[in-house]
Amino acid sequence: MPGPAPDERMRPKGRRNTQGIRVDPEAEVTHEPRQAVLSALVKHRPGVLSEVSALFSRRQFNIESLTVGPTVDEDTARMTILIEEPEPGIDQAKKQLRKLVPVISVRELEGEAVRRELALVKVSGEKPDDVNAVADMYDGQAVDASTDSVTVEITGSKQKIDAAVEAFKQFDVQEIVRTGAAALERGPKTLEKDV
C-alpha cells in the first residue's frame with residue numbers, strides 16, 4: 001500500500017502511553033482536596049437521612065459533618081453536608097445527590113456563607129467561677145452544674161468552638177459533643193426547588 005513509512009507518519013501532539021494511546025492531561029491531574037458545604041432541601045420523611053448517608057458511603061465521599069432539620073415548610077427538611085474532597089469529587093457528590101428521589105434541591109454554599117456549630121463541653125466542677133469566666137470569653141453559658149461537673153454550651157464558627165475546647169482543657173474535659181455545621185447563604189438568596 002502506498003503511503004509514508006510508520007516512522008515518517010504524522011504524529012498528533014500530546015503525551016502517549018506505551019501503546020500509543022493519547023493520555024488526557026486533565027484526567028491525570030491530581031486535585032487537592034478542599035472543604036465544601038453542600039446544602040440540600042429534601043422531602044421530610046423517614047429514611048431520607050439513611051439514603052443520603054448510604055450514597056456517600058457507596059461513593060466513598062469523606063463526610064466531615066452532616067446536620068439535618070425541619071424548615072419553614074413541614075414537608076421539607078434541610079441538610080447541611082460538609083465534605084472534604086478533590087474538585088471532581090465535589091461535583092460528583094452534587095450530581096449524585098440530585099439523582100436521589102427525595103432530594104428537591106442541592107447547592108454548594110459560598111465560602112462567606114453563615115456557618116455555625118453548637119458544642120456542649122462537660123468539665124470538672126472544682127472551679128466553677130473559672131469555668132464561667134472562660135465560658136464568658138467565648139459567649140458560652142453554663143447549662144448544667146453540679147459539685148462534680150459543669151456543662152457549657154457554646155455556639156459559633158468551627159474556629160471559635162475549637163479555641164473554646166482548647167481553653168476548657170485546663171479544667172479536665174470529661175465529655176464533648178458537637179453538632180457539626182449548620183449553614184445558610186448570606187443575603188436574600190434562598191435554596192429552592194431546582195428547575
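## Exercises on surface and core

Leu120, Val143 and Val177 together make up a nonpolar surface patch, whose accessible area comes to about 220 Å² in this predicted model.

**Exercise 1.** Determine in which strand Leu120 is found, and whether Leu120 counts as buried, partly exposed or exposed.

*Solution.* Begin with the strand, which is β5, spanning residues 114-124. Next take the relative accessibility of Leu120, which is 30%. Since buried means under 20% and exposed means over 50%, Leu120 counts as partly exposed at that value.

**Exercise 2.** Find which residues have the most contacts inside the largest nonpolar core, and which elements give two or more residues to this core.

*Solution.* The largest nonpolar core has 19 residues, and those with the most contacts inside it are Val42, Val52, Phe56, Met79, Ile81, Ile83 and Leu97. The elements that contribute two or more residues to this core are β1 (34-43), α2 (48-59), β3 (76-85), α3 (87-99) and β4 (103-108). A second, separate core has 16 residues, including Ala119, Val150, Ala164 and Ala167.

**Exercise 3.** Work out which residues of helix α4 are buried, and explain why they line one face of the helix.

*Solution.* In α4, which covers residues 128-137, the buried residues are Val131, Val134 and Ala135. Viewed down the axis of α4, these buried residues fall within an arc of 105°, so they line one face of the helix. That buried set packs against β5, β6 (141-145), β7 (149-156) and α5 (158-168), whereas Asp129, Asp136 and Met137 are exposed on the other side of α4. Just after the helix, Asp139 adopts a positive phi of about 55°.

Key
Residues numbered from 1 in each chain as written. Predicted model: local features only at pLDDT ≥ 70, side-chain atom pairs only at ≥ 80, totals over all residues. Heavy atoms only, no water. Patch = residues over 30% accessible without salt bridge, like charges linked within 9 Å, V, L, I, M, F, W, Y side chains within 5 Å. Areas by Shrake-Rupley, 256 points an atom, 1.4 Å probe, with all protein chains shown as cover. Salt bridge = Lys/Arg side-chain N within 4 Å of Asp/Glu carboxyl O. Helix = DSSP H or I, 4+ residues; strand = E, 2+ residues; numbered from the N terminus. Buried < 20%, exposed > 50% of the residue type's maximum accessible area, 1.4 Å probe, protein only. Core = buried A, V, L, I, M, F, W, Y, C linked by side-chain atoms within 4.5 Å. Arc of directions from axis to C-beta. Contact = heavy atoms within 4.5 Å.
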